[in-house]
Each structure stands twice: as structure tokens, then as C-alpha cells.
Amino acid sequence: MNEPLLIVEGLRVTYGGIQAVRGITFHINPGEMVALIGANGAGKTSTLRALSRMLDAAGGSIRYQGKEINKLPPHHLVREGIALVPEGRGVFPRLTITENLSMGAFTRNDKAVIESDLEHVFGLFPRLKEREKQLAGTLSGGEQQMLAIGRALMSRPKLLLLDEPSMGLAPIMVQKIFEVIRTVASEGMTILLIEQNAKLALETSQRGYVMESGEITLTDDAAALLHNPKVREAYLGE
Amino acid sequence: MDIFLQQIINGLVQGSIYAMVALGYTMVYGIMGLINFAHGEVVMIGTLVAITVVTFLLKLGLPVWLAGGLGIVAATAACMLLGWSLERVAYRPLRNAPRLTPLITAIGMSIVLQNLAMMIWGRNYMTFPPLVEKTQFEVGGAAFTSVQIMIVLVSAISMGGLLFLVYRTKLGMAMRATAQNPSVAGLMGVNANRVISSAFVIGSALGAVAGVMVGTYYEIAHYQMGFMLGLKAFTAAVLGGIGNLAGAMAGGVLLGLIEALGAGYIGDLTGGFLGSHYQDIFAFVVLIFVLMFRPSGLFGEKTGDRA
């Protein structure tokens, strides 16, 4: 087995005086899609914010490609190959779709390759291509989610962090988004997926971690978790 | 009729200057939500640096065009450095402080800069050496000078350059992205500090050019000249919708026109009771009305999508 791409050990995050994450340990292998599931307030987003350096960890270590990234300024992460699709999408509302995607490639200078990556993203999301000159703020929620994923891909990440990609979207749109996530994963991308929709997340991923009040309480292959009675009861509504 | 045309010309010239200064306010506000009340003082220092450099070079016997050109370069460099330092020293440490703190700091910096300028250049009015040969033209009973044409031209070119920078370059895109969502712009690899510094430096450069234009226009300068100019330019930025570049430009020109027409007609309107030296009241009447009835300004975006 290869060395894991990301190793998180004893990570603690405090948020507004509350310990949102209480020393969690997990890892992601290259090419793997891992789901981090849990109820609202379990500490999933705080974990992701620490990983993406939007929040300082209160303790523990985050090693990426063998390197400690715990103290890296957030704008260096994308150069290391980590891209985040933030919760609530975070598109730039008064930039056009093409400009939003170009922002994803902000740290890159290989113009010709950027151009072909742009076509690749438009291939994944033909709807964005139709609206390339439109301001992102005029898009529907699902289209904005597509744009946020496309923008993250434009940085050519080695590790893609997805924060609640299904949130607030119509079921049909959720299906579409997850189809693309599966396509991206099948192209060999390493993905950490954070989701409240546990069933969908586990069906899409290879492994899963279950988070509860700031701690990881369960981990297994995604298929096994799907059949785990505790998970079924707590997160799949059975 | 000729007074109308005359005041339109005067208003355009004054308005171009307001617009150039207003851009400095609006760029910084657009990116970090701070009203840099020291910006008027940056302009003032641009004017005074230009006076010192140009006067010195003229004494050395340099031709006017060269002395003037070097004066503009020196003033721009000095203001860029000053704008950069202001952000670095006064505002950056307060980045996460409550909103009122940097605002009060800005007023403090404005006082510091005024006093510094007074210590360096003294309290007396200084004459600005003429940079452009003043030729008078006449159209339809209204007179205008080569200096006025120069001011409008230079402003138009500078503002065109700014629009190109903001809408056609990578730095400009990063600035717009940071203004709309700083933390996500950071995730894209944008160094927010660098973008904020750029906004200060570019705004100050425009301010320096405006400072030289003011000096050339009024042929006089003083360490307190930045206060009223800054306040008017701030009004122009609010009138256009603070944070909006096109708004600052339009607001500046509009404010110049309102002031000039007001000054031209106030005597007639009040039966000679108030003279044209009351022209300053128009800017503030405009400010009050905008804040009362349309606080987002003429071109302002709804505040909702700022998130």
C-alpha cells in the first residue's frame, strides 16, 4: 500500500470557545474517495476548515505528502495541490463563469494547459459552457455548485475537499452533481467528501468515517458502514 | 447661457479631480470595507512633494517639461510608498478589529500626516510652479485654458488605465475576487495582503496625479488642502456608490458639475444674499441627501450580495 496522501492525527479545533473537534485521527490514501459523515454540528465543517487552513488547529498534526501543513498560510495550500469546494459554494457573484474558473487556476501560468482544462470542465458541466459570460450570482444553486467544483478542478488538485456538495439542492441536481463527482473520482482524483446525506456519501465513497460530537466514533469500508446497524439507525433513518 | 456653459466646463475639470481622488476611497472600501480618511492627506503630500521637486529642478535650470515630468514621477512614487506604509503600519494590525477602530485610526493618521506636512513644508501657502503653458480658448462665450484640457485628458487616461487593470488583468481579477469573498479568494491562492496593498498603492498613485493637477489648476498649495478635497472626494464616492469604480468616476464628475452650477447660480437664486464662495455647501447637501434617500449611491449594489 502507498503512503497515505493525508494523515490527520489528534486534530483539535476550537470554535468560539467550544471544542468542535476533539482530537480526531484519519487518513486518505492516494486515489481514494473517503466520506466523513455525521449530524449537523458533529464537527465536520470545522475539520475541513482546519484542513483548508481557514481556521487554526488548536492541536494535533495535519501531514500532507509527508509535510506538516498545520502552519501554512491558506493561500499556499492550492500551490501544494489541495483544493476546497466550500460549504455554500462561495462563488464570486459578480465575476463571470469563465472568470470564476480562471480564479481556480490563479496560481498557474501554463496558459495552454489552462485553456484545455477549461474545456475539460465545460465538458463535465455543459451547462456552465452555455452561460460562460454570465455573472455567477445569477446562477441557480445547483449551477453554482457545479461552478465551485469546476473552479476547484481548475487548480489541478491532488486532493479535493468537498464540503456538503448536496446542501440546499433539489434531488435531481444532487444526482447530477454526484455523477460528476464519481466521474472525477474515476479519473483518479483523491477526494474527501463531507456530507450530511450519509447514504449518498457512503454509496459514492470507498471508505467512511463517522463523526459524533467532535470525535470519530466509527470507521470502515463504505459498503460495510452502509450495512452497519448503528449507522443505519442514526444516519439512514431506519 | 454662457454662464451655464462656463460652469459646465469648470465643473468637468473640478469633477475630474474629485473622481481621481474618489477612486482611492472606493478601491480601498471595495476591498476591505475601510474608509481611509487619510487619503486626502496622501493627495496633499503628492502636491507638496511635486512643488518641492519641480521648484528645485527648475532652479537647476531644467526645462519645464522635464522638471514637471520628474515632479509627477516623484509625487507618484512618494504617494505610493506612503499609501503602502499607511496600510502596513496603521491598518493591517487592525484587520480583525471592530470596524470603528480602523476608522478612528484613519482620522488619526489624517491628523498625523497634516502635522507632519506642516513641520516639513510650513504653515504658509506655497505657489505651485506652472507646468503647462496657459493658453486661453473660447467656445460659445465660455473660456477655458490648456490647463483645464490637460486635467480632463490626464484624468480620462488614468481612469481608463485603472479600468483596464481591474477588468483585464490577473491582478485586477484577484482584486475583484477578494472584494467579493476574501476567504475563498485566499483558497484560490490569492494573497489577500498583497491585494490590499495594491489597492492602497494604486489609489495613492491616482491621488498623486490628482494632487499635481490640483496644484497646477489652483497654482497654490497648503498642508490643510487635503482635508476639504478628501471630504469632497469621499462625498463623490458615496454619491456614486462607495466600492464601485464607475460610480466613483461618475460621482466625481457629477459632484463637480453640481458644485460649479450651484456656485454659478447661487447668487441669482438667493437674490445676491449668498455668493459663489458658498459653493462648498452643495457637496454636503448632496452627501446628506444621498445618505438619507439612497445610501447605496447611484451605482451602488444592493448590500445583500456582499457576503
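Biologist: What makes β3 and β8 of chain A paired strands?

Modeller: Two strands pair if DSSP finds at least two bridges between them, and five bridges join β3 (residues 33–38) to β8 (residues 190–195) of chain A. They therefore count as paired, and they run parallel. In β8(A), A:L193 is the bridge partner of A:A35. Helices (H or I, at least four residues) and strands (E, at least two) are DSSP runs, numbered from the N terminus. This is a predicted model, in which local features need pLDDT of at least 70 and side-chain atom pairs count only at pLDDT 80 or more, while totals for chains, interfaces and linings use all residues. Residues are numbered from 1 along each chain as its sequence is written, and chains are lettered from A and ligands numbered from 1 in the order in which they are written.

Biologist: In what order do the six strands of the open sheet in chain A stand?

Modeller: The order is β6-β7-β8-β3-β9-β10, and the pairing is mixed. The edge strands are β6 (82–85) and β10 (215–221) of chain A, each of which pairs on one side only. From one strand to the next the twist averages 15°. Helix α6 (residues 141–153) of chain A lies across β6 and β7 (159–163), at about 175° to β6(A). Axes are lines fitted to C-alpha atoms, for helices over the stretch in contact, and angles run from 0 to 180 degrees between N-to-C directions.

Biologist: Why are β2 and β5 of chain A called edge strands?

Modeller: In the four-strand open sheet of chain A the order is β2-β1-β4-β5, with antiparallel pairing. Strands β2 (18–28) and β5 (67–68) each pair on one side only. Strand β4 (residues 59–64) of chain A reaches β5(A) over two bridges, and the definition asks for at least two, so the pair qualifies. A:Y64 stands opposite A:K67 in β5(A).

Biologist: How do you know that chain A has the radius of gyration of a compact globule?

Modeller: The radius is taken over C-alpha atoms, and the globule rule is 2.2 Å times the number of residues to the power 0.38. For 238 residues a compact globule would come near 18 Å, and chain A has 17 Å, which agrees.

Biologist: Why is chain B called as compact as a globular protein of its length?

Modeller: Chain B has 11 helices and four strands. Its radius of gyration is 19 Å, close to the 19 Å that the globule rule gives for 307 residues, so chain B passes the comparison.

Biologist: What makes α8(B) largely enclosed by the rest of the structure?

Modeller: A residue is buried if 20 or more other C-beta atoms lie within 10 Å of its own, exposed if 12 or fewer, and partly exposed in between, with C-beta atoms placed from the backbone. In α8(B), 20 of the 27 residues are buried, so the helix is largely enclosed. Of the 307 residues of chain B, 48% count as buried. Helix α8 (residues 192–218) of chain B reaches 39 Å from its first C-alpha to its last, close to the 39 Å expected at 1.5 Å a residue; the expected span is 1.5 Å times one less than the number of residues.

Biologist: How many residues of chain B are in contact with chain A?

Modeller: Contact requires C-beta atoms, placed from the backbone, within 7 Å. On that basis, 15 residues of chain B are in contact with 20 residues of chain A. The largest share of that side of chain B, five residues, comes from α6(B).

Technical notes: Contact = placed C-beta atoms within 7 Å.
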